[in-house]
Structure formats: C-alpha cells, structure tokens
Amino acid sequence: MTSTLKAYRAAILHSIADPAVVGVEQSYEYFEDGVLLVEDDRIARVGHAADLLPMLKGVELTEYQDALITPGFIDTHIHYPQTGMIASYGEQLLDWLNTYTFPTEKQFADKAHAADVAGIFLKELLRNGTTTALVFGSVHKQSVDAFFEVACALNLRMIAGKVLMDRNAPDYLTDTAESGYAESKELIERWHGKGRLHYAVTPRFAPTSTPEQLSLAGKLLGEYPDLYMHTHLSENRQEIEWVKALFPERKGYLDVYDHYQLIGPRAVFAHGVHLCDEECQRLAETGSAVAFCPTSNLFLGSGLFDLNKLEQHRVRVGLGTDVGAGTSFSQLQSLNEAYKIMQLQGKKLDPFKSLYLATLGGAEALYLDDKIGNFVSGKDADFVVLDYKATPLIDYRMQQARSLAEKLFALCMLGDDRAIKQTFAAGQSVHVRD
Ligand SMILES: [Zn+2]
C-alpha cells in the first residue's frame, strides 16, 4: 500500500517537556512559519516552512492564516453520561450525585439512548479540540459498548470503562461485586486494544464499592496488561469523612485504593484536592496520576487544587474537565479557571505549563506519551488548528500581543470551542468549525 503525505502550514507549537522540570524556555518548540508533515495517520515531521517546503514538491499542502497548530488536547477525566446534566444548579458533591447524577445515569440502561449521547459527547469533545479522553460510562455495560462503537468508527484514541458501584447508590444503578467483575471482563475482551481504544476499570469512588468489589477490581487489573484504573479521590471534605467512616481500618482515602491494589502506572485519580504530603509521595512513587479538574472543583465548591505541591512531589498530573460537574468541554476554559485557582493561592500558572498540562502532561499522566501529546515523528497525527481571529475580541487582543507567551495566555483566557477552527484525529479531519 502506498502512503499518503499531507502538509499543514501555520504557526506550530508543541510541548517537549514539563516546564517544572526543564524550565519554561526548554519546554517547547515553536515554528513561527511552520509545516507539519503527516504520513497517513502519523506525524512524519515538524519544522520551519523554509526548510521543509522545498522537499515537498507534489505533496498536498493546506495553509492556514492567523492560526496556531498544537497537538490535540487530552482530557484525563470526564463522564459522558453526564453530558445532558452539565450546568445543574446548587449542590456540592454528595447531594449533587443524588439529586442529578444518579437519575441521569439511570437512562443509560437503554443502549439507543447511550448511543445518542455518546455521539453528542464525542462531537462536543472534537469541537473543543480534545482528541483523547479518559471517560466514565454508567454502571450499564451497554453504555460502554455504545461509547466505544462511536469512538471506534471515528478512529479516536479513547479510554473508557463501566462504572463499578455495588452500594450507597439507588438499586436501579448498582451492580454486584461479581457482576461488575464479569461485565468488566467481557468489555475488556471486546474493546481493550481494539483500534486506538483502551479499557479502564472504573470504581466510581470508594464509598460506592464494597471491599469485595474493590478487591475484584484489583484482581482484574492483575489479569490484563496495560489496563487503566479510573476513579475519584479526595474531592470534597464531607466525602473524605465518609470514606474514613466506611473504612476505619485504613490510614486515609488513598490507602483504601492502595490496599486493594488499585494504584500504580495507569491509575488515574480525579481531583485530589485535599491530599497530604504522604499521599502525594505515595502517588509519585507508584507512578499514579491525578486529574486536575478546575471548572468542576470551582463549580462544586470542592476547593483549590495545589498544583505546585503535586509538582514538588513529582506526581503525574493531567487536566480534566469532569463534565458534567465541570462546566465546559473546552480545555482552554479549564486552563482559564486553573489560572484563577492558582491566583487564589498566590501562585502562577505559566502559559507554557498550561500547554503542557493540556497536551504532553496529559499523555504522560496516561502513559501514552509514546503515542500522543506532541509532534515527535511516529506519533498519532492528532492535532488542532486554533484561530487567532476566532472572535472580534480575540482578534483585537492578538493584535496587541507582543510575544508568543502573551498570545498563548490570551487564547487560554478568552478561547473556547469558537477558537477551534479544525480538529484532526489519526490524520483525518474530524471537525471543521466553518
Ligand atoms: Zn468525575
């Protein structure tokens, strides 16, 4: 089979390392007039137009004006069944689950409904430039089948799993330790490693699983290579007290997951707003990751995430939207709120760190940095074209900007789905704004 080369010309920016480790200047590569060369579904090369164009005679070239190409965004924590309940008023975590989440997730027993929502959800991610996400299904296995069927047809790199929940939830939304294990296994056999899909063993959070269920979840992780583990951790103070009451024999919240062998590489814990030093250290030494979900933490009044503390302990941190508690599918909007969360703690969030969190940092948190996250040759051709003229205000603001850092920061503050001109996954256009 002959391969197809395609070239895309615009300003091009990608992260090459964590600014917290190498310093801001060494953390990125930028080509003011760049070319991204794509061979079929992979990145072939990135470089200056002046260097690459003379070598590309006969290659299909797409040129963008007033645009910035970056890697596709990575969302390390989101719930697809909650798409229709985004922006639900007035509660903090535990009441919010009972009032809004559980009745909404009940509907996913119907596969046709699940398929409809999966379509809307994935379209929304792509409209916002997100090409990979770590996704909660509902407790129903058909919710995950529906999700993966749509993701597979679009050839997206997606990670998802069926929720495990066998207590402290309505009867209509619970499985049992045994059925949760068996159904997860069935889904793993069907989907894990198919195309660009991966499976995540997904206990909702410690309070909604019995020790037996957590123990079987740990067993599953031991039975298959490269599975993910996806859950919530230390989001809300009331929740933390509840976990202490339910598991009095454990030292703390993280220790519950630790005890059942649910931590390690590819284990991703959403939130981690209230972690002690010892927990941060344990997350780091086991190679576990935390998903920082700024819009959700603010919306549910959960607290202020201490990014610097996790950085100091070298914990892997990705960026999550946590829709439906999060209020936007846009990682630009997540970064807008992340900046404000840092400001409220007297700290800064550099725009190049923001870029890292939304791309390469997410890939590292998910152990997918050999496949996605930047434009190193051979990686998946998942990328986004951002529009410097997306709105009259962004256009005007960009005219005042004197540096790349200033432009990038303004895009994070002012940008949303309107700033995403086009999204590509595995070399194919999967969203065009207009
Ligand atoms: Zn969540």
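This is a predicted model: local features need pLDDT of at least 70, side-chain atom pairs count only at pLDDT 80 or more; totals for chains, interfaces and linings use all residues.
The peptide bond from Val323 to Gly324 is cis, with omega near 0°. Gly324 is placed in the loop between S13 and H13. Most peptide bonds are trans.

Next, the charged pairs. The structure holds 33 salt bridges. One of them joins the side chains of Glu105 and Arg204, at 2.8 Å from N to O. Glu105 belongs to helix H3, residues 93-106. Arg204 is in the loop between strand S9 (197-203) and helix H7 (211-223). The pair thus ties together parts that are 99 residues apart in sequence. How exposed are the two ends? Glu105 is buried, with a relative accessible area of 0%. Arg204 also counts as buried, at 1% relative accessibility.

A second bridge links Asp382 and Arg196, with the closest N and O atoms 3.0 Å apart. Asp382 lies in the loop between helix H15 (360-365) and strand S14 (383-387). Arg196 lies in the loop between helix H6 (177-191) and S9. This bridge therefore ties together parts that are 186 residues apart in sequence. Asp382 and Arg196 are both buried.

Glu337 and Lys340 give a local case. Their closest N and O atoms are 3.7 Å apart, and they form a salt bridge. Both lie in helix H13, residues 331-344. They are 3 residues apart, about one turn of the helix. Lys340 is partly exposed, with a relative accessible area of 37%. Elsewhere, salt bridges that share partners join Lys141, Asp145, Glu186 and Arg190 into one network.

Helix H13 also holds Leu344. This leucine counts as exposed, at 62% relative accessibility. Together with Leu298 and Leu304, Leu344 makes a nonpolar surface patch of about 260 Å².

Now turn to two buried loop residues. Gly272 is placed in the loop between strand S11 (267-271) and helix H10 (277-286). It is buried, with a relative accessible area of 2%. Leaving aside neighbours within four places in sequence, Gly272 is in contact with Leu233, Ser234, Val290 and Phe305. The C-alpha atoms of Gly272 and Asp306 are separated by 8.9 Å, and the two residues are 34 residues apart along the chain.

Ser27 is the other one. It is found in the loop between helix H1 (19-22) and strand S2 (28-39). Ser27 is buried, with a relative accessible area of 0%. What does Ser27 touch, not counting residues up to four places away in sequence? Its contacts are His14, Ser15, Ile16, Ala17, Asp18, Pro19, Val22 and Phe352.

Last, the backbone angles. Most residues other than glycine have a negative phi. Asp226 has a positive phi, near 65°. This residue lies in the loop between H7 and strand S10 (228-233). Asp226 is partly exposed, with a relative accessible area of 48%. Tyr367 has a positive phi too, of about 55°. Its place is the loop between H15 and S14. Asp382, the partner of Arg196, lies in the loop between H15 and S14 as well.

Terms used:
Residues are numbered from 1 along each chain as its sequence is written. Side-chain values use heavy atoms; hydrogens and water are left out. A salt bridge is a side-chain nitrogen of Lys or Arg within 4 Å of a carboxyl oxygen of Asp or Glu. Helices (H or I, at least four residues) and strands (E, at least two) are DSSP runs, numbered from the N terminus. Buried means under 20% relative accessible area, exposed over 50%, partly exposed in between (1.4 Å probe, protein chains only). Patches are made of residues with over 30% relative accessible area and no salt bridge: like charges are joined within 9 Å, nonpolar side chains (Val, Leu, Ile, Met, Phe, Trp, Tyr) within 5 Å. Accessible areas come from the Shrake-Rupley method with a 1.4 Å probe; for residues, only the protein chains shown count as cover. Contact means heavy atoms within 4.5 Å.
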